[in-house]
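Please walk me through this structure for someone who has not seen it before. Begin with its aromatic rings, then turn to its strands.

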Amino acid sequence: METEPTEISSSKMFGGYNKRYKHFSPTLGCSMTFHIYFPPSPSSSHKFPVLYWLSGLTCTDENFITKSGAQRAASSEGVALIVPDTSPKPHATYDSMKHRCGYGTWKQYNIYTTICQFLKI
């Protein structure tokens, strides 16, 4: 399985770019996705402060990105946003009953390790 992030979508937004990535997490044993909003940059080597947004148990990386409108503020303040899926699920074993019964909770304990390893915080 490929552990390096692969870009799966990109859109221009408020002068910057909103990008979505996918990678396999050996820690979680499944693929996961995350969004990064890159605000407008004066140069390709410019470094930004970063805000990590960790959504709730049943949220994906898309909930915050599509509903919050945070990219507008991040653009004007020059802040990058990193929004991982905090509830990745291995599709081979997932079904709606397990989800309703809190299936995602066992994965939550490894999210910290995954974020630190692959998102380099």
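How many aromatic pairs does the count come to? In this predicted model, the count comes to two aromatic pairs.

One of them joins Tyr21 and Phe34, whose rings are stacked, 5.3 Å centre to centre with 20° between the planes. Tyr21 belongs to strand β2 and Phe34 to strand β3, so this pair ties together parts that are 13 residues apart in sequence. Tyr21 has a relative accessibility of 14% and therefore counts as buried, since buried means under 20%. Phe34 is buried too, with a relative accessible area of 4%.

Trp53 and Phe64 also form a stacked pair, at 4.3 Å centre to centre and 15° between the planes. Trp53 sits in the loop between β4 and α1, while Phe64 is in helix α1, so the pair ties together parts eleven residues apart in sequence. Trp53 counts as partly exposed at 36% relative accessibility, whereas Phe64 counts as buried at 12%.

The strands come next. Strand β2 covers residues 16-25, and eight of its ten residues are buried. Strand β1, residues 6-13, pairs with β2 in the antiparallel sense over seven bridges, and Ser9 has Arg20 of β2 as its bridge partner. Two residues separate β1 and β2 in their hairpin, where Phe14 in the turn has a positive phi of about 50°.

Strand β3, residues 30-38, is antiparallel to β2 and is joined to it by nine bridges. Here Tyr21 stands opposite Phe34 in β3. The hairpin of β2 and β3 has four residues between the strands, and Gly29 takes a positive phi near 75°.

Finally, Lys19 lies over the face of Tyr17, 5.6 Å from the ring centre.

Key. Residues are numbered from 1 along each chain as its sequence is written. This is a predicted model: local features need pLDDT of at least 70, side-chain atom pairs count only at pLDDT 80 or more; totals for chains, interfaces and linings use all residues. Side-chain values use heavy atoms; hydrogens and water are left out. Buried means under 20% relative accessible area, exposed over 50%, partly exposed in between (1.4 Å probe, protein chains only). Two strands pair if DSSP finds at least two bridges between them. Rings of Phe, Tyr and Trp (its six-membered ring) pair if their centres lie within 6.5 Å; planes under 30 degrees apart count as stacked, over 60 as edge-to-face and the rest as tilted. A charge sits over a ring if NZ of Lys or CZ of Arg is within 6 Å of the ring centre and within 35 degrees of the ring normal.
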